[in-house]
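Reader: Can you walk me through this one? I have it open on my screen.
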Amino acid sequence: MSQSIQFSTPSRTPHLLNLPHSQFNRPLSSISFRRFPLTTIKYTSIRASSSSPSPSPDLDSSSSSSSSSQVLLSPNGTGAVKSDERSVVATAVTTDTAGIEVDTVTEAELKENGFRSTRRTKLICTIGPATCGFEQLEALAVGGMNVARLNMCHGTRDWHRGVIRSVRRLNEEKGFAVAIMMDTEGSEIHMGDLGGEASAKAEDGEIWTFTVRAFDSSRPERTISVSYDGFAEDVRVGDELLVDGGMVRFEVIEKIGPDVKCLCTDPGLLLPRANLTFWRDGSLVRERNAMLPTISSKDWLDIDFGIAEGVDFIAVSFVKSAEVINHLKSYLAARSRGGEIGVIAKIESIDSLTNLEEIILASDGAMVARGDLGAQIPLEQVPAAQQRIVQVCRGLNKPVIVASQLLESMIEYPTPTRAEVADVSEAVRQRSDALMLSGESAMGQFPDKALTVLRTVSLRIERWWREEKRHESVPLQAIGSTFSDKISEEICNSAAKMANNLGVDAVFVYTTSGHMASLVSRCRPDCPIFAFTTTTSVRRRLNLQWGLIPFRLSFSDDMESNLNKTFSLLKSRGMIKSGDLVIAVSDMLQSIQVMNVP
Ligand SMILES: Nc1ncnc2c1ncn2[C@@H]1O[C@H](COP(=O)(O)OP(=O)(O)OP(=O)(O)O)[C@@H](O)[C@H]1O
Ligand SMILES: CC(=O)C(=O)O
Ligand SMILES: [K+]
Ligand SMILES: [Mg+2]
């Protein structure tokens, strides 16, 4: 017996009205509202599935494209997997109970620990030389990587293609739904690649030459090439030159044609292609490089490459305005068969903070790119900027990623500093959607350990905060522009509130485009959210969002049959059990249903 609230026409089967779905999968009830201005709230009882231990034949036949006999194991909104379980869960499972795709890590987690213990904060790993092998990628997926990031500042397209294909293979063979995020190089000023060296050490008091000349052969001693032709012209004697946001500092002492002589004032390690900024009288000089395009010609070629390889997200470096995001989105819409690639705005410049709301509104998500941001605004302003970006994203229902230096010391050491753990905790406590590793996973010595730290700290802080009931219920601004969107939003807000008040085990959301799932995620309910979607690409994209455990499942407009099918499939896999309390919402038939699993 279930209790439900439905926003629908008097007809129990609104799809029989034979009104077309709009191309945006707008729920039928919006149409119904126009025809039948009277909103009805119905309490219906749904007959529970007969809870047969194996799925009925019609379940199998209705699962159309998903009815392959292989069950996939994949994107994981999951929590910790004990190391001795890993070898077990990392193997592909082949079963006859096809029809639902979920990764083995999630499956093991749900079976072992129940719904509530799953991890809500998503984890992103930058892939580099330390993690590009198939087995290394698999270890990261098993360890909880939800998204793999490729930084186009480094590596060749062939190298990136290899990684993308390995991740795809991992998804296909092992059922993961690891999404791929391509991060553009952008055209800010950066150093050259050090002629193949991994790093170079600049000592206090040394004189180094920064030059716009290219080197034919090997790099002359204490010489660094600079990517920006106007560099020697723009800097002035007395300017301060910051490498990587201040990891190393120089003072400009002399200009000789294309060469700029600089005195090292803060020693440190110079890494290939590190970012350069120059400061005059205590503020960033940005008049000239403000003219550089956000998306360079090389970036456009990388974007074409990303479209061809089917990446899930493109993160745009050094976004200055909403215009560039809109431009890229219309390009993608024209080239990539309709909005299948999400555009993430990287907030890492003063301009992006100035135009924050409009940029986030135009994007599909944002990244607090603290590395470069900390080179553009005083470091002590970065935490407040982070808090503001996270809040704006939550308000506008866009996923937000906190990135850079979360566990920087783990590039070299196997344990984090206490300060780093506190920083990770703060990002989790702010309820950002995702945390990102950079050098820690790309070229550090302990990529798996760094991921484990993110995972365990996330789990612990999430649980602590839930137990303490510390989450003040933040009033969320209304964002829906159409009446139908407003209904969806109210349904999701109510479902999340009911879930907390009733202490349910999970919210189930049936969503074709993923929008309804994101609306539930936005409410940050106490219980996990099982997001069922019909397409693999939507499933991967949902893997970036807080609290969503994405499954691929074919379903219909008939919620009763969807629920019965889901219960059967999940029960037969041991992921839910009779008596579990579930709230279900759907974007086909706008409704909320509360029921115990039969
Ligand atoms: N594909 C790659 N190949 C080689 N080294 C890489 C690769 N990706 C990352 N790295 C190394 O890892 C370090 C940190 O990676 P990350 O991508 O976060 O760089 P970043 O310069 O901080 O980011 P961004 O350029 O977007 O601001 C880089 O400085 C580089 O040394
Ligand atoms: C991630 C990134 O681009 C930064 O922190 O600058
Ligand atoms: K980048
Ligand atoms: Mg950056």
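Predicted model: local features only at pLDDT ≥ 70, side-chain atom pairs only at ≥ 80, totals over all residues.

Author: Residues are numbered from 1 along each chain as its sequence is written, and chains are lettered from A and ligands numbered from 1 in the order in which they are written.

Reader: What is the strand order in the open sheet of seven strands?
Author: E11-E10-E14-E13-E12-E16-E17, with mixed pairing. Strands are DSSP runs of E, at least two residues, and helices runs of H or I, at least four, numbered from the N terminus. Two strands pair if DSSP finds at least two bridges between them.

Reader: Which strands stand at the edges?
Author: E11 (223-225) and E17 (283-284); each has a single partner strand, so one side of each is left without a neighbour in the sheet.

Reader: And E12 with E13, parallel or antiparallel?
Author: Antiparallel, with four bridges joining E12 (residues 240-243) to E13 (residues 248-256). Leu 242 has Arg 249 in E13 as its bridge partner.

Reader: Ligands now. What surrounds ligand 2?
Author: Residues including Lys 346, Glu 348, Arg 370, Asp 372 and Ser 438; a residue is counted if its C-beta atom, placed from the backbone, lies within 6 Å. Helix H12 (residues 370-376) gives the largest share of that shell, three residues.

Reader: How many residues surround ligand 1?
Author: 17, and the closest are Gly 128, Asn 151, His 154, Gly 155 and Ser 438. H12 and helix H15 (439-442) are the elements that give two or more residues to that shell.
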